[in-house]
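Trainee: Could you take me through one part of this model up close? I'd like to hear about the salt bridges.

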Amino acid sequence: MTVTSEDHPLDTFLGHKLLEQHHIRDADEQLVRRPTTEEMARLEEMAIPGTPQDLEKVIAHTREILSYRIALGHTRFFSCIPSPASPVSWFGEALTNAFNPFAGNLSAGPGICAIERALVKWIANQFALPPTAGGQFVSGASIANMTAMTVARDHKLAEHTRSQGVVYISEQAHFCVRKALRIIGFSDRQIQSIPVDSNFRMDVRILQQAITSDLDEGLRPFLIVATFGTTNTGTIDPLLPIIDIAKSHNLWFHVDAAYGGAVAFSTKHRYKIEGLGQVDSIAWDAHKWMFQTHGCGLVLFRDGTHPLKSFAAGGEYVRDVSVVRDPSNYGIELTRPARHMKLWFTLQVLGTEAIENMINWGIELAMHAEDKLRSLDHWEITSPASLAILTFRYAPPHLDEIMFDRLNETISKEMIARNVAVMFTTILDGKVCLRMCTINPNTTMNEVTYVIQVVEDVAASCLQQSAHYCFIFENGGSGTIKQSLDAIAYGGIIAVIGFLSVTSREEMLDVGILALSKGANVRGVIIGSNEILEDVVRFISSHNLALPVERTSKFTRDGVIDAFDDMASGQHIGKVCINF
């Protein structure tokens, strides 16, 4: 037995059947597939190694493992940032990984290092950075942002002043920015979250005020982090005014362009990057809007030598092969794969014009979705289409904000349950809304039209359901609880205050499952004293609440008997009353 492929036919060893399965996926593929408790237990058993298994069996297991997922590359997956990776990308990655190259050292991988260096220069030029720019490929924006902010810290703060350093980020910044700042030693009190304006862009007036205030308090502002294409709304922070602020206070200006930076490769939309070439550092992900498999990020510096101060290191065991220009001296990793090769492979095979057309198409799809929604009643555009991201919500009349939120959450869940589309919710200005990111180049206009048509139908259906009651007093018990569960609105509350009717054990409902399906809370309430009852009566009277009356009987012998018979039957919904 060896570690080469000689023990198995090459095509089988590479799992060609699995790759074929990846490409013959039907358009009706399940968008979200999660394992049951039993399936999860079996997966965990499958993870434990032991005696050698038949290769076909292992491939079958691999197919099963990979089948449990959210289909991020599906044409109707519109949430987060979709991952519609090009087959050319994963083929280029597989081809590169077959050689298992080492990209941390020039001597170990002179070919791949030359390609990386030249590709980084070309991308920096697309972003309008000067010829002095440099950088390297990393796993993604989380590491790219952390790398850039580490360099910013080391260039702007002395070690003894780090506790006084202050960073300014937008309240719409990706959470990985704050996470990275914590990792490199900054507490939450050193991270100023700047509010956004009505267009969800960092408010430069508040930014200036915050910096001035911190300087007056003897703190050391040193870094501003803006976003070029926020995850929530695709918004671009106002780069030019922020550049002026950063220069006037000698602050490092970093831009998280992980998502939106791809428009630099579109002639039609490249004007949007104005000012990007003047910043100190940039984080960008090719595995977002450049259709690469995961793990293809990039960090760029206006001055390509700046990272040396933070990362240059070595050891006697690499003295024969190590030089200053080794990629490991410009970033966190020593052992690093040739992440850039799949992007290089894609660009070589497809060409830049095809990539540009794919980027432009995503922007057109979002604009098309917005147009369709604006033509419908009761739909509110919470942020217009920007960089292929659109947010909106269903807002019919006569509902309060709580019900609006619950209604849109229900619409999102129902779209997934029907296997129509994945469009998770987000929150803007405290409101729950739906969100679409339409960067998949394989998505058609007809598909977007279909999704908008269905979401309109789903919204109407959910609205009808939400027209039920938000709060129900249940006094019948097991015999009438189903009526209450049928009548309760999604997310409503049922207060069980009585057990006037009973049902057999065989007919007993699974109240937990029924309540879960409505997102309802079922609470048991102990009936209190006569004083509490009087308080309830006063509350009802003072608020002019009309209680439903099922039947009214006279205060006679027969009338009282009939009233108690009605109560015993448990068939009433409203009150059974006796006039006297």
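**A close look at the salt bridges**

Mentor: Let's start with arginine 374, which is exposed, with a relative accessible area of 51%. Keep in mind that this is a predicted model. Arginine 374 pairs up with glutamate 370 in a salt bridge, and their closest N and O atoms are 2.8 Å apart. Both sit in helix α14 (residues 352-374), and because they are four residues apart there, about one helical turn separates them. Glutamate 370, though, counts as buried, at 11% relative accessibility. As for the pairing itself, side chains of opposite charge can pair when their charged atoms come close.

Now try aspartate 197 and arginine 201, whose side chains meet in a salt bridge at 3.6 Å, N to O. Here aspartate 197 is partly exposed, with 23% relative accessibility, and arginine 201 is partly exposed too, at 32%.

The side chains of arginine 76 and glutamate 447 form a salt bridge of 3.7 Å, N to O. Arginine 76 lies in the loop between β2 (69-70) and α5 (87-98), while glutamate 447 belongs to helix α16 (residues 445-466), 371 residues apart. Both arginine 76 and glutamate 447 are buried.

Across the whole structure, the search turns up 19 salt bridges. Between domain 3 and domain 4, however, the count is zero. The rule also finds zero residue pairs in polar contact across that interface, with both residues at pLDDT 80 or more. On the side of domain 3 that touches domain 4, helix α15 (residues 401-417) gives the largest share, four residues.

Conventions: Residues numbered from 1 in each chain as written. Predicted model: local features only at pLDDT ≥ 70, side-chain atom pairs only at ≥ 80, totals over all residues. Heavy atoms only, no water. Salt bridge = Lys/Arg side-chain N within 4 Å of Asp/Glu carboxyl O. Polar contact = N/O pair within 3.5 Å; in protein donor to acceptor, adjacent residues only side chain to side chain. Helix = DSSP H or I, 4+ residues; strand = E, 2+ residues; numbered from the N terminus. Buried < 20%, exposed > 50% of the residue type's maximum accessible area, 1.4 Å probe, protein only.
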